[in-house]
Amino acid sequence: MTKDNQPTYYIHSKQSVFSLNLKEVWDYRDLLLMLVKKDFITFYKQTVLGPLWFIVQPLLTTVIYIILFGNIAKLSTDGVPQVLFYLSGITVWNYFSESLTKTSSVFTTNAGMFGKVYFPRLIMPLSIVASSLMKFAVQFGIFAVVLLYFVIFTDEVHPNIWMLFTPVLILLMAMFALGMGMIFSSLTTKYKDLTFLLTFGIQLFMYITPVVYPISALPEKFRFLVYMNPLSSIFECFRYAFLGSGSFDLMSILWSSIFITFILVIGTVIFNKVEKSFMDTV
């Protein structure tokens, strides 16, 4: 207090670099919902098919994969119908890759907004992960319809109790995309060419993730390399749960969980450090 009993205010950051500051994020939940809605509407409002691209894109990609990897390359699908095998991989991969790609440009894309008004910066990457989840829900619905057809009219797939584990798999993918996205978003404020590296890296990363092939199709001596990829056990568990095929175990899921949590912590630290001064470099 000053001599005339008027309060003195000090404005400074008390936020730890390890803090996700979730209480403040919750206070701004209306902004989070508004950003999710905005991202959904603005991305498709000038397209001919609009939200139908959510449906058309995975179906077209599935057809292409069936032709290229199924009929030409003759890659194994572990005895699962090709349409289900590729559609399952595409559905899961699209969620991760879109969340990571969009999150990785949070600082550069929203520099104008960040420079004018305060809100928890974590709101932006969280809104991206949430809006991508809406797209995932639509594409998962397509996968579920195709799966239901094969369950009713054939005996080629065998869904099981592990389907209940799906929310955990989605959470792990969201955490991984969020952590990696925050790392790249923070680094690209200073090193702009990392954007091009990320674009190439995501394309390459898909081929060391069992999206278009099962791990069982790989030579035994190379399988451990694919299992080092934290997404591999997630994809294998997803396919095992819904299709009854796949080679996963709880230890590989545990490894993925530990690694992804580590990446999220590192991403949070870097993001919290960069957000305080990124306007000087972006």
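These legends describe close-up views of a predicted model.

**View 1. The second largest pocket and its volume.**
The second largest pocket has a volume of about 250 Å³. Its lining comprises 13 residues. Nearest the centre of this pocket lie D39, T109, N110, M124 and I128.

**View 2. Helices that line the second largest pocket.**
Three helices each supply at least two lining residues: helix 2 (29-44), helix 5 (106-109) and helix 7 (123-153). Which helix gives the most to the lining? Helix 7 does, with 4 residues.

**View 3. Residue classes in the lining of the second largest pocket.**
Nonpolar residues number 5 in this lining, and polar residues also number 5. Charged residues make up the other 3.

**View 4. Packing of helix 11 against helix 12.**
Helix 11 spans residues 230-243, and helix 12 spans residues 250-274. The two pack at an angle of about 135°, and their axes are 8 Å apart. Helix 11 is therefore oblique to helix 12. Helix 11 passes helix 12 in a left-handed crossing.

**View 5. Residues at the contact of helix 11 with helix 12.**
Helix 11 contributes P230, S233, I234 and C237. In helix 12 they meet S252, I253, W255, S256, F259 and I260. How do the residues of this contact divide by class, and how many are charged? The contact has 7 nonpolar and 3 polar residues, with no charged ones.

Conventions:
Residues numbered from 1 in each chain as written. Predicted model: local features only at pLDDT ≥ 70, side-chain atom pairs only at ≥ 80, totals over all residues. Heavy atoms only, no water. 1 Å grid on protein atoms, 1.4 Å probe; cavity = no way out; pocket = protein on both sides within 12 Å on 5 of 7 lines; lining within 4 Å. Points joined across faces, edges and corners; volume = space filled by probe spheres on them. Nonpolar A, V, L, I, M, F, W, Y, C, P; charged D, E, K, R; others polar. Axes fitted to C-alpha atoms, helices over the stretch in contact; angles between N-to-C directions. Parallel < 35°, antiparallel > 145°, perpendicular 65-115°, else oblique. Left-handed = near helix turned anticlockwise from the far one by under 90°. Contact = heavy atoms within 4.5 Å.
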